[in-house]
Amino acid sequence: MLKTPVAVLIFNRPETTKRILSSVFQARPEKLFVIADGPRTDTDDQGKCEAARSCVDDFDWQCDVVKNYSESNLGCGLRPASGIDWLFQQVDRAIILEDDCLPEPSFFRFCEELLDRYRDEHRVAMISGNNFQLGKRRSEYSYYFSRYTHIWGWATWKRAWQNYDFQMREWQKLRETRWLEDVLQNHSAATFWQNTFDNVGNMRSVWDYQWAFTCWLHDQVAVLPQVNLVSNIGWGEAATHTKDPNNPAAFLATFAMDFPLRHPSAITIDREADNFTFATQFADRPATPFARLRWRLSRAIRGDHTF
C-alpha cells in the first residue's frame, strides 16, 4: 500500500480520467484527494464534468477519499493552484497527477522513496516522473537534477509549495537583472523565459510557469528520472495546451524504474540535459530530426503503436 497521499486533478475528460484513476487504484494509496474544476458556461461541460466526477465513484477505494469540487469554472491556471493550496492544508507531502497523465506503476514507488530521502533537503523542490531526453541516459544513476520543473506526474512537499506565488510578485524586481542568465546559464533559454514570465499575467490558463519561477527564485531543483515514468495521453484538439499530437512529448513511452535506486552523490544540475530539454521542448523551433527519430524509436522499441 502506498503511504504517500495521492492527488488527482480532474475536469471534463471522463475517458482519460478513468485511466488515470485506474492506475492510482492499482497503487493502493492510503489517502486520495480529488480536485475538480467546474463547468464553463455556454459549453457542454456540465455533462462531461459530471461524467468525470462519477469516475471517482466507479472504484471500490480501500482508502479515505477527500473531494474538493468547484461548482464554478476557475480555469486551468487558478483551479490547480488553488487546489494544491488546499491539498497542502491537509498533508505535508503528496504525489500529484492531472487527468491526462498516465503513470507507469513504478512511478509511485520512485516518488515515495525520494520524497522520504529529500524531505529535509530544501534545495530539492520536487520529484518529477518526466524524462524528455528522448532515450538518452545522462549517467549511471537512477535520476538527475534539473532546473526544469516538469509536472506531468510529480510530487512535492508542503515546505516547497508554501513558497508558491501565483502572481509572481518578485518578477518585476528581477526582470532587468542578470538573474535568469545566472539561473539557466543559457542565453537563449533566459530570453525565452523572460518573454514567458512577462506574459504570465495575460495567461489565465497557466500555473506551472509560476511554479518554475518559484523554484528558481529559491534556488531549488527538480529530480528527474533517467527513464520516462509518465505519459501525457491528453493530446488533441480538445486539449488546452497539448493540441499537437506530433509533438515529441506527446504520448511518450514509459519504462519501469529499476530498484534499488542508484543515487547521485551530490545535488548538481545536469546542464547538458537541461539545454537539450530547452532545445526540444521550449525553444521556438521544432525539435531536431534526430530528436524526433529517437522519440519514434523509443516508442517502437516499447511496442507502443496505440497512440
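Visitor: Where is Pro-260 found?

Guide: Pro-260 lies in the loop between strand 10 (230-232) and helix 10. Helices (H or I, at least four residues) and strands (E, at least two) are DSSP runs, numbered from the N terminus. The model is predicted: local features need pLDDT of at least 70 and side-chain atom pairs count only at pLDDT 80 or more, while totals for chains, interfaces and linings use all residues. Residues are numbered from 1 along each chain as its sequence is written, and side-chain values use heavy atoms, with hydrogens and water left out.

Visitor: What kind of peptide bond joins Phe-259 and Pro-260?

Guide: Most peptide bonds are trans. The bond between Phe-259 and Pro-260 is cis, with omega about 0 degrees.

Visitor: Is Asp-42 buried or exposed?

Guide: Go by relative accessible area: buried is under 20%, exposed is over 50%, and partly exposed is in between (1.4 Å probe, protein chains only). Asp-42 counts as exposed because its relative accessibility is 82%. Leu-134 is buried, because its relative accessible area is 4%.

Visitor: In what order do the strands of the open sheet run?

Guide: Strands of a sheet pair through backbone hydrogen bonds, either parallel or antiparallel. Two strands pair if DSSP finds at least two bridges between them. Here 8 strands form an open sheet in the order 3-2-1-4-8-6-9-7, with mixed pairing. Strand 3 (64-69) and strand 7 (143-146) are the edges, and each pairs on one side only. Neighbouring strands are turned by 25 degrees against each other on average, direction ignored. Such angles run from 0 to 180 degrees between N-to-C directions, with axes fitted to C-alpha atoms, for helices over the stretch in contact.

Visitor: Which helix touches strand 1 (6-10), strand 2 (31-36) and strand 4?

Guide: Contact means heavy atoms within 4.5 Å. Helix 1 (residues 14-27) packs on the sheet and touches those three strands. Its direction makes about 175 degrees with that of strand 1. Helix 2 (residues 45-56) packs on the sheet too, touching strand 1, strand 2 and strand 3. The direction of helix 2 makes about 165 degrees with that of strand 3.

Visitor: How many bridges join strand 4 to strand 8?

Guide: There are 4 bridges between strand 4 (residues 93-98) and strand 8 (residues 154-157), and the two run antiparallel. Ile-95 stands opposite Ala-155 in strand 8. With strand 1 the pairing of strand 4 is parallel, over 4 bridges. There, Val-8 stands opposite Leu-97.

Visitor: What does Thr-4 touch?

Guide: Thr-4 lies in the segment before strand 1. Leave out residues up to four places away in sequence, and the partners of Thr-4 include Pro-29, Arg-93, Ala-94 and Ile-95. Thr-4 is buried, with a relative accessible area of 3%.

Visitor: What contact does the side chain of Gln-133 make?

Guide: A polar contact is a pair of N or O atoms within 3.5 Å; within protein, one must be able to donate a hydrogen and the other to accept it, and residues adjacent in sequence count only if both atoms are side-chain atoms. The side chain of Gln-133 makes one with the side chain of Tyr-144, at 3.3 Å. Gln-133 is buried, with a relative accessible area of 0%.

Visitor: How many residues has the largest nonpolar core?

Guide: Nonpolar side chains tend to be buried together in soluble globular proteins. A nonpolar core is a set of buried Ala, Val, Leu, Ile, Met, Phe, Trp, Tyr and Cys residues joined through side-chain atoms within 4.5 Å. The largest one here has 94 residues, and those with the most contacts inside it are Ile-127, Trp-193, Trp-211 and Trp-216. Helix 4 (residues 106-117) gives the largest share, 6 residues.
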